[in-house]
Amino acid sequence: MLAWTTSFVTGRTQQVLYKGCLSALQPVQYGVPQGSVLGPMLFVLYTAEIGRIVAQHGLKFHQYANDCQIYVATSVSEVHSAIDQLSRCLHNVDVWMSASRLRLNASKAQVL
């Protein structure tokens, strides 16, 4: 299984066709083929650490492919505490993501 997975993510190349000009073939050093069946599963495995970080903060976590939801249910009287808890968690997730060569896209983040 390890050899098969390794062969899926290594030894790939890419090139770009733009206005009739074809670029030189370049090695792909990171990522998985976009649109692949295994891509979402490999991403979930790569980012599994986020679930541990969220659990350390006592929050709930749901992930599907590259979409992640971190949430907490709270009473109105505890909303400020929940916001602080969520903010600390998001900071730690952001630190982990940066160290893991990922970027938290703040423009896609929502607070409901």
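Contact here means heavy atoms within 4.5 Å. Keep that cut-off in mind for the tour.

This is a predicted model, in which local features need pLDDT of at least 70, side-chain atom pairs count only at pLDDT 80 or more, and totals for chains, interfaces and linings use all residues. Residues are numbered from 1 along each chain as its sequence is written, and side-chain values use heavy atoms, with hydrogens and water left out.

**Stop 1: the whole chain**

Show the cartoon. The protein has four helices and six strands. Helices (H or I, at least four residues) and strands (E, at least two) are DSSP runs, numbered from the N terminus. Trace the chain from that end, and the elements run α-β-β-β-β-α-α-β-β-α.

Now zoom out. The C-alpha atoms fill a box of roughly 60 × 40 × 25 Å, taken along the principal axes. The radius of gyration is 19 Å, whereas a compact globule of 112 residues would have one near 13 Å. That radius is taken over C-alpha atoms, and the globule rule is 2.2 Å times the number of residues to the power 0.38.

Colour by accessibility next. Buried means under 20% relative accessible area, exposed over 50%, and partly exposed in between, with a 1.4 Å probe and protein chains only. Buried residues make up 21% of the 112 residues. Of the contacts between residues at least 6 apart in sequence, 36% join residues at least 24 apart.

**Stop 2**

Select Ile-70. Which residues does Ile-70 touch, not counting those up to four places away in sequence? Its contacts are Val-54, Leu-59, Lys-60, Phe-61, Leu-86, Cys-89, Leu-90 and Val-93.

In soluble globular proteins, nonpolar side chains tend to be buried together.

**Stop 2: two cysteines**

A disulfide is a pair of cysteine sulfur atoms within 2.5 Å. How many disulfides does that rule give? The count is zero. The sulfur of Cys-68 has its closest cysteine sulfur in Cys-89, but the two are 8.6 Å apart, so they are too far for a bond. Cys-68 is partly exposed, at 33% relative accessible area. Cys-89 is buried, at 0%.

**Stop 3: the hairpin**

Strands β5 (residues 60-64) and β6 (residues 67-71) run antiparallel and are joined by five bridges. Two strands pair if DSSP finds at least two bridges between them. Lys-60 stands opposite Tyr-71 in β6. His-62 stands opposite Gln-69 in β6.

Look at the turn. Two residues lie between the strands of this hairpin, where Ala-65 takes a positive phi near 50°.

Then click Gln-69. Gln-69 is partly exposed, with 41% relative accessible area. Leaving out residues up to four places away in sequence, Gln-69 touches Lys-60, Phe-61 and His-62. Run a distance from Gln-69 to Gln-110: their C-alpha atoms are separated by 9.4 Å, though they are 41 residues apart along the chain.

**Stop 5**

Select Glu-49 and Arg-52. A salt bridge is a side-chain nitrogen of Lys or Arg within 4 Å of a carboxyl oxygen of Asp or Glu. A search of the whole structure finds one. It joins Arg-52 to Glu-49, with the closest N and O atoms 2.3 Å apart. Both residues lie in helix α3 (residues 49-56), three residues apart, about one turn of the helix. Arg-52 is partly exposed, at 44% relative accessibility. Glu-49 is partly exposed too, at 26%. Side chains of opposite charge can pair when their charged atoms come close.

**Stop 4: two positive phi values**

Go to Lys-19, in the loop between β2 (17-18) and β3 (21-22). Phi of Lys-19 is near 50°, a positive value in a residue other than glycine. Is Lys-19 buried or exposed? At 72% relative accessibility, Lys-19 counts as exposed.

Finish at Arg-101, in the segment after α4. Phi of Arg-101 is near 65°, again positive in a residue other than glycine. Arg-101 is exposed, at 66% relative accessibility.
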